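Please look at the sequence and the structure below.

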Amino acid sequence: MVRAAQLLHPQREPVATRAAATVLLMRDTPRGPEVLMTRRSPTASFAPGAYVFPGGGIDAADAQAHGIAARRPTQDDLRLTQAIAAIRESFEELGVLLARRADGRPADHRDIAALDRHRPFAAQCAARSLTLAADQVHVLAHWITDRDLPRRFDVPFLVARMPAGQEPVADEAEQFEPLWIRPDDALERHRAKNFFMIFPTVRTLERLRSFASVDAVLAACASEQPLWTSCPRAGLLAGKEARYMEGDAPYGELALACPDGQILHALDWQHEQPVRLLKHLMRLTAGNPGVMTGPGTNTYIVGDAASGYLVVDPGPDDAGHQRRIHAATGGDIRLIVCTHSHPDHSPGARPLQAMCARRPQILGLPSQPTARPDSVFTPDGVLADGELLRLEGGGTTHTLQAIHTPGHASNHLCLVLREDGLLFSGDHVLNGSTTIVSPPDGDMTAYLDSLDRLAAACTEHGIEFILPAHGHVLGFAADAIARLKSHRLQREAKVIAAMRAHPAGDLDAWVPLAYDDVPPAIWPMAKRSLLAHVERVRALRLAD
């Protein structure tokens, strides 16, 4: 866990959440499924004027109405209460009644007319012997309001089929203008800025676009577990507020820089100024963006004025980049560490060293004979596996531990900042792409074994964040590594299938099959990793 004293902003407790429930009422049409939406009052305290799905807070009476609700065998008490709340809100806001009569027939306009939207809902239903159709209400998603907002809700987004023969009628107090709309159409109107929706609504509609029918949506929700859970985070992009879910690239960086939800961190990629991630941690991105480097190579600067600084990956031979590193540290660089010797990582080490009066030692692993000519590298000192590097000053210590991680390159290593649970992953783990493993210096078995070492380090050191050489900071470190390994093994399965389909084939024959999910323009680069997979598969067969 990151030391509280190193956080950029004063800690604060986000506003407590209130339990609520929202329901997506859906119907099929020849053009695809539609969802019922309404416009909130322009004076509403939460999301005024937004187009939303009906819903609201869960009342104590909802939990007391289990006796008049039908439930699935797998539907627990919490899910039942949420479904009852959603049914009640649908009736109070839109006059839609998900219920059945005593004879099993669905409620109709006569039942709706007999109920008063402003009186206790469950008691009225019980008096008419109506059973709430909670067994027809399924959980789709789980949203928790962003940490920065003054009103926060913990809310399942539920889904149900619209009862046949009923028409929504807004209460004209909380909700207005009910309309049926396809997810694609709602999103298009939102992009055109004439259909305002809040972030969870937009992201939910984006997920619904892939479903061809209401039955398909309900089938996907059969497990009683949400298809996704999210508590979004917000940062600044081009000076404007931008929100992200857990799977979005900037999410981990926002969690590191602003853990309590402050909207203060700029996410724009630029190369002129260092980006402060913690009090003792800066990132300076080199001006070498490209297909292989993403927004550029990240140089990380660890330390402070009292301890001096350690530089991780000084980048390519770019005099401007090295000058900016020197300026960010005031020239007080104690150590320079290269995670590996590729030309976007290590060539800047000697020029940066020459700028410093202390002439800091350059540490890393020497390149092997298998390295490309542009990746030859000889450090001043060889870092042993597990070796500790320390910066000390002002009563604070920053300890980095080296972990040898061959695979992407034979001389690749990662660093763990032990006091804060941070992993500097070099090119072994990236944000937004998978690294290329290019033989002979790259080796896929070594790469996978190194992923296992990093997974073990996450457990040992409580690592929560990964700081890659390309892309934003990654959160949920152990999960990210597990997903990466799973992805590599899934790719390997496709490689094996391609090799079996064309046993006399070569890389050109196999790449369209093994990499059919990436654009053909990427295949020349993908062939390098494909070769690494092929060599691994053949070696494993020989071992058997």
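His340 sits in the loop that runs between β17 (333-337) and α10 (349-355); helices (H or I, at least four residues) and strands (E, at least two) are DSSP runs, numbered from the N terminus. This is a predicted model, in which local features need pLDDT of at least 70, side-chain atom pairs count only at pLDDT 80 or more, and totals for chains, interfaces and linings use all residues. Residues are numbered from 1 along each chain as its sequence is written, and side-chain values use heavy atoms, with hydrogens and water left out.

His340 has a relative accessibility of 0% and therefore counts as buried; buried means under 20% relative accessible area, exposed over 50%, and partly exposed in between, with a 1.4 Å probe and protein chains only. Its side chain makes a polar contact of 3.5 Å with the side chain of His342, and another, of 3.2 Å, links the side chains of His340 and Asp427. A polar contact is a pair of N or O atoms within 3.5 Å; within protein, one must be able to donate a hydrogen and the other to accept it, and residues adjacent in sequence count only if both atoms are side-chain atoms. Leaving aside residues up to four places away in sequence, His340 touches (heavy atoms within 4.5 Å) Asp313, His345, Ser346, His408, Ala409, Asn411, His412 and Asp427.

Strand β17 belongs to an open sheet of seven strands with mixed pairing, in the order β13-β14-β15-β16-β17-β18-β19. At the edges are β13 (275-278) and β19 (381-382), each with a single partner strand, so one side of each has no neighbour in the sheet. Two strands pair if DSSP finds at least two bridges between them. Within this sheet, β15 (residues 298-304) and β16 (residues 308-312) are antiparallel and paired over five bridges, with Val302 opposite Leu310 in β16. In a regular strand the side chains alternate between the two faces of the sheet.

Leu391 has His398 in β21 as its bridge partner. β21 is also joined to β22 (residues 413-417), antiparallel, by five bridges; here Ile403 stands opposite Cys414 in β22.

The last stop is Glu535, in helix α14 (residues 523-543). Glu535 is partly exposed, with a relative accessible area of 40%.
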